[in-house]
Amino acid sequence: EYDLGAYLRELVSHIDGAYRTLTSRRSRATSGLSMGGFMSLYLSARYPDLIGSASAFNPGPEFYVGEKGRRMLWRPKDHVGNHTRTMVRLIRASGDFISQYHEETRDAYARADEVAFEYRRDEYHRHWATSIAETFDFHMRAFANSTLDNVAEVWSHTDAYADFEVWNYHVRAEGAEPGFTCLEDVSQTGLRLTTRRWAPDGPPIPGGHVTITTAPLYNPSSSYMLLDYNLSTGITSKQEVHSDQEGRLTLMTNGAGHQ
């Protein structure tokens with residue numbers, strides 16, 4: 001049971017180290033058909049800081065992901081927020097045998113105004129890929145879109161892995177039960193942390209602890225006042241936290257829900 005996400009990071013590092021590539025996220029794209037279409041959406045959602053554009057032909061609607069013993073059902077339609085800084089294109093054939101699931105995915109992305117989303121329906125009664133030329137054109141537009149190089153000032157992310165990195169943040173969730181760690185509206189001034197036993201609206205993971213190490217956004221070796229609003233109790237607490245020599249803050253809390 002291999003983690004294709006870890007393989008992707010290794011592959012990107014190898015290619016950028018061995019060849020004269022353009023290494024920004026806007027110059028990197030994923031695309032795939034069926035299960036590969038799912039992986040295109042999933043990997044670009046898991047690593048939005050690596051991938052600027054993603055396209056999918058008749059993608060599989062759901063697969064289990066995560067560490068062994070902690071597998072979670074991942075459906076792209078439940079995690080559209082991971083793509084708010086990514087260009088996404090969905091192509092479905094009208095006669096595809098799972099086309100109803102593609103429509104559910106399309107509906108979820110179409111409702112997300114903050115996602116740069118394109119959609120094409122082909123009158124084509126087969127599962128394999130269509131509209132290849134148009135998809136290349138889509139990715140070429142993404143490669144030319146300099147805004148994809150901007151570091152996200154506000155972002156959201158959901159992850160099934162207990163230990164992950166995104167946008168230069170490091171998150172570690174500890175607990176016996178599998179589930180999703182959800183970061184919402186993350187910025188230099190704050191964030192919302194929740195955990196879910198299932199997506200999109202499952203209950204919190206009981207007894208879990210989460211450690212967040214931020215990107216180096218703060219003055220090095222400085223003190224900050226942290227206001228923590230507990231979403232389950234409605235109680236706000238204060239504590240002093242200190243940045244490290246790189247300007248990172250480390251926040252430790254539980255998975256009950258905190259702002």
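The largest pocket here has a volume of about 520 Å³. The model is predicted, so to speak a calculated one: local features need pLDDT of at least 70, side-chain atom pairs count only at pLDDT 80 or more, and totals for chains, interfaces and linings use all residues. Residues are numbered from 1 along each chain as its sequence is written, and side-chain values use heavy atoms, with hydrogens and water left out.

**How empty space is found**
- Rolling a probe the size of a water molecule over the atoms shows where empty space is left.
- On a 1 Å grid over the protein atoms alone, a cavity is a set of points where a 1.4 Å probe fits but cannot get out, while a pocket is an open set with protein on both sides within 12 Å along at least five of seven lines.
- A lining residue has an atom within 4 Å of a point.
- Points are joined across faces, edges and corners, and the volume is the space filled by probe spheres set on them.

**The largest pocket**
- Its lining has 24 residues, and the closest to the centre are Gly190, Leu191, Leu226, Leu227 and Leu251.
- Two or more lining residues come from each of β11 (190-196), β13 (223-229), β14 (236-242) and β15 (250-254); strands are DSSP runs (E, at least two residues) and helices are too (H or I, at least four), numbered from the N terminus.
- β13 gives the most, with five residues.
- The lining splits into 13 nonpolar, 10 polar and one charged; Ala, Val, Leu, Ile, Met, Phe, Trp, Tyr, Cys and Pro count as nonpolar, Asp, Glu, Lys and Arg as charged, and the others, Gly among them, as polar.

**The cavity**
- Searching the whole structure turns up one cavity of 30 Å³ or more, and the largest cavity has a volume of about 80 Å³.
- Of its 14 lining residues, Ala173, Glu174, Thr195, Ile205 and Gly208 lie nearest the centre.
- β9 (169-174), β10 (180-187) and β12 (209-213) each give two or more residues to that lining.
- Four of the lining residues are nonpolar, seven polar and three charged.

**An open sheet**
- Four strands line up as β1-β2-β5-β6 with parallel pairing (two strands pair if DSSP finds at least two bridges between them).
- β1 (29-33) and β6 (116-122) are the edge strands, each pairing on one side only.
- Five bridges join β2 (residues 53-57) to β5 (residues 87-93), and phenylalanine 57 stands opposite isoleucine 91 in β5.
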